[in-house]
Amino acid sequence: MIKVAAIIPARSGSKGVPHKNIRKVKNHSLLHWSISACKKSNLIDDVYISTDSEDYQNIAISLGGEAPFLRPKEFSTDISTDYEMIKHFLDWMKSNKSIPDYLVHIRPTTPLRDP
């Protein structure tokens with residue numbers, strides 16, 4: 001069976017718009033919109049959130065996402081790359097679960113998307 005996982009990066013340290021990933025657009029946070037779209041998709045099996053914040057981690061879990069780890073600070077700066085975040089996630093998956101067949105990168109800054 002093919003496994004598809006979504007990874008949603010939700011770092012807490014935005015300088016331009018503080019805490020943008022938990023800011024509300026149309027009564028829901030950006031994180032909520034992204035998790036909800038993934039959960040409604042018939043193609044995505046698991047929804048993971050990569051965050052450096054325990055608050056964001058708890059919010060993600062309350063919204064039905066999986067946030068089983070905190071991203072290290074060195075991969076959570078404003079100059080960190082998507083590659084670092086995704087590599088950290090895949091390394092964690094390899095050590096703790098299994099690597100999915102496909103990975104979908106869902107940015108919370110695009111909240112109004114079709115599942």
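A residue is called buried when its relative accessible area is under 20%, exposed when it is over 50%, and partly exposed in between, using a 1.4 Å probe and the protein chains only. The model shown is predicted, so local features need a pLDDT of at least 70 and side-chain atom pairs count only at pLDDT 80 or more, while totals for chains, interfaces and linings use all residues. Residues are numbered from 1 along each chain as its sequence is written, and side-chain values use heavy atoms, with hydrogens and water left out.

**View 1. Salt bridge between K15 and D78.** K15 counts as exposed because its relative accessibility is 65%. Its side chain meets that of D78 in a salt bridge of 3.0 Å, N to O, a salt bridge being a side-chain nitrogen of Lys or Arg within 4 Å of a carboxyl oxygen of Asp or Glu. This pair links distant parts of the chain, with D78 in the loop between α2 (54–62) and α3 (82–96) and K15 in the loop between β1 and β2 (24–25), 63 residues apart. The helices and strands named here are DSSP runs numbered from the N terminus, with helices (H or I) of at least four residues and strands (E) of at least two. D78, at 44% relative accessibility, counts as partly exposed. By the salt-bridge rule, the count comes to 6.

**View 2. Salt bridge between D52 and K73.** The side chains of D52 and K73 meet in a salt bridge of 3.9 Å, N to O. Because D52 lies in the loop between β4 and α2 and K73 in the loop between α2 and α3, the pair ties together parts that are 21 residues apart in sequence. D52 is buried, with a relative accessible area of 10%, whereas K73 counts as exposed at 57% relative accessibility.

**View 3. Salt bridge between E66 and K97.** In the salt bridge that K97 forms with E66, the closest N and O atoms are 3.2 Å apart. K97 lies in the loop between α3 and β5 (102–105) and E66 in the loop between α2 and α3, so this pair ties together parts that are 31 residues apart in sequence. K97 counts as partly exposed at 46% relative accessibility, and E66 counts as partly exposed at 25%.

View 4. Strand β1 (residues 4–9) runs parallel to β4 and is joined to it by 5 bridges, where two strands pair if DSSP finds at least two bridges between them. I7 has Y48 as its bridge partner in β4. Strand β1 also runs parallel to β5, with 4 bridges between them, and here A6 has V104 as its bridge partner. Since 6 of the 6 residues of β1 are buried, this strand is largely enclosed by the rest of the structure. V4, A6 and I8 point one way from β1, while A5, I7 and P9 point the other way, and all are buried.

**View 5. Strand β4, covered on both faces.** In strand β4 (residues 46–50), 5 of the 5 residues are buried, so the strand is largely enclosed by the rest of the structure. D46, Y48 and S50 are buried on one side, and V47 and I49 are buried on the other.
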